[in-house]
Amino acid sequence: MVALLPCAARVVDGAWAARVVGPAYDALSAAERRQLADGDPDSFFNVVRSPADDPGLAPAAVLDAAAAALGRLVSTGRYGAVARPPRLFLYRLRTADHEQIAVVGDLPTSAVTSGQVRPHERTRTAKEDELARHLERLAMSSSPVGLAYRPSPAVDELVAAARAEAPVVDFVSPDGVSQTVWVVSEAVQPALVGALAGVGAAYIVDGHHRVAATVRVGHDAFLGALVPSDQLRLLAYHRVVGGPLPLTPPELAEALGGIAGDGPHLPHRPGQALLYGGGRWWELALDTGHGRRLDVVAVDEDVLAARLGVADPRADVRLEFVPGHRDLARLSQLADQRGGVGLVLHPPTVAQLMAEADAGRTLPPKSTWFEPKLRSGVFVVSR
């Protein structure tokens, strides 16, 4: 069962939402996040800034500034009052070609250890450390963890009933994503809690590091956003390995049986990947064991570990990740800047992620990109 509980959240005020809520954190570089934060004190990037975004400041000073920014946003009316009694919320994100609606509330941390909430990928050690420090210092949740569940007609019916009420927030963020929040009414809420309890497991699709940090800090719950799996859109998370490399890009391509490509494009099918290095592209055929290994595992084991010496993708600082929604020019530029190579992957399916999680297996860090991403700063919950 999925024990999603009502939460005492503040919701961003509609008059300020488009200024407070920005693009997804991981969708931007540190320089881009810093520019948004410096350009507007109302930007929530001032709250979620990390030491990587402010290399000139001591980590403790970055956290102090983040706490001060959060206090300012709350005290100056950028958020409404705390929901009393605690409530569930609906959170819709809509782009020109896609829509998803999440049920938002608190998930007990114990649900992770009991197996009700199931991960599918490992975390990066440094990022987990960073988020744990942020959570300890600010004592709040503001970035919902995205979770999938198998579709339920009972849940769908109750979500439709909750949407009959007027939304409390409806805005378009600067990157063009329409975002809408409804408070689930007292008449619908008990039935929705019960219907979600009947859907079985929930699968983390976005927020493994936040969950790991919550467990480490010892908080009783984290903010979760449950999305039916048939509304999810998954993209790949590409890889860049910085130099120095044990092989030149042409040598690596030859060792992997690469075929010269005609330029950047996404892989057309599972089992295919692209390699970039030194201004050239190659197409690779991955050994997936007739589908027994996912593409991201094949790249992790056969390319990163076996050929490039990335023995621990959780900790190797040479390894960086490029979200699948970005233009591949970002990947080639980053590879050139770091004197390394880039690898473009085909994404797994939601069903494959669920199967991996059900089997107790975990994929390498940053195996999937969930689009459109749930945003930081729409909800704030004190911990």
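Guide: The account below takes the pockets in turn and then turns to a pair of helices. The model is a predicted one.

The largest pocket has a volume of about 910 Å³. Its lining comprises 30 residues, and those closest to the centre of the pocket are R33, A52, R124, E320 and F321. Several secondary-structure elements contribute: helix 2 (30–39), helix 5 (125–138), strand 15 (319–323) and helix 11 (328–337) each provide at least two lining residues. Strand 15 gives the most, with five residues. By residue class, the lining of the largest pocket consists of 14 nonpolar, four polar and 12 charged residues.

The second largest pocket has a volume of about 170 Å³. Here 13 residues form the lining, and P270, L294, D295, P348 and Q352 lie nearest the centre. The lining of this second largest pocket divides into five nonpolar, six polar and two charged residues.

The helix pair consists of helix 6 (residues 153–162) and helix 7 (residues 189–197), whose axes come within 9 Å and cross at roughly 155°. Because angles over 145 degrees count as roughly antiparallel, helix 6 is roughly antiparallel to helix 7. The crossing of helix 6 with helix 7 is left-handed. On helix 6 the contact is made by A154, V155, L158 and V159, and on helix 7 by A191, L192, A195 and L196. The residues of this contact comprise eight nonpolar, no polar and no charged.

Notes:
Residues are numbered from 1 along each chain as its sequence is written. This is a predicted model: local features need pLDDT of at least 70, side-chain atom pairs count only at pLDDT 80 or more; totals for chains, interfaces and linings use all residues. Side-chain values use heavy atoms; hydrogens and water are left out. Axes are lines fitted to C-alpha atoms, for helices over the stretch in contact, and angles run from 0 to 180 degrees between N-to-C directions. Helices (H or I, at least four residues) and strands (E, at least two) are DSSP runs, numbered from the N terminus. Angles under 35 degrees count as roughly parallel, over 145 as roughly antiparallel, 65 to 115 as roughly perpendicular and the rest as oblique. A crossing is left-handed if the near helix is turned anticlockwise from the far one by less than a right angle, and right-handed if clockwise. Contact means heavy atoms within 4.5 Å. Ala, Val, Leu, Ile, Met, Phe, Trp, Tyr, Cys and Pro count as nonpolar, Asp, Glu, Lys and Arg as charged, and the others, Gly among them, as polar. On a 1 Å grid over the protein atoms alone, a cavity is a set of points where a 1.4 Å probe fits but cannot get out, and a pocket is an open set with protein on both sides within 12 Å along at least five of seven lines; lining residues have an atom within 4 Å of a point. Grid points are joined across faces, edges and corners, and a volume is the space filled by probe spheres set on the points.
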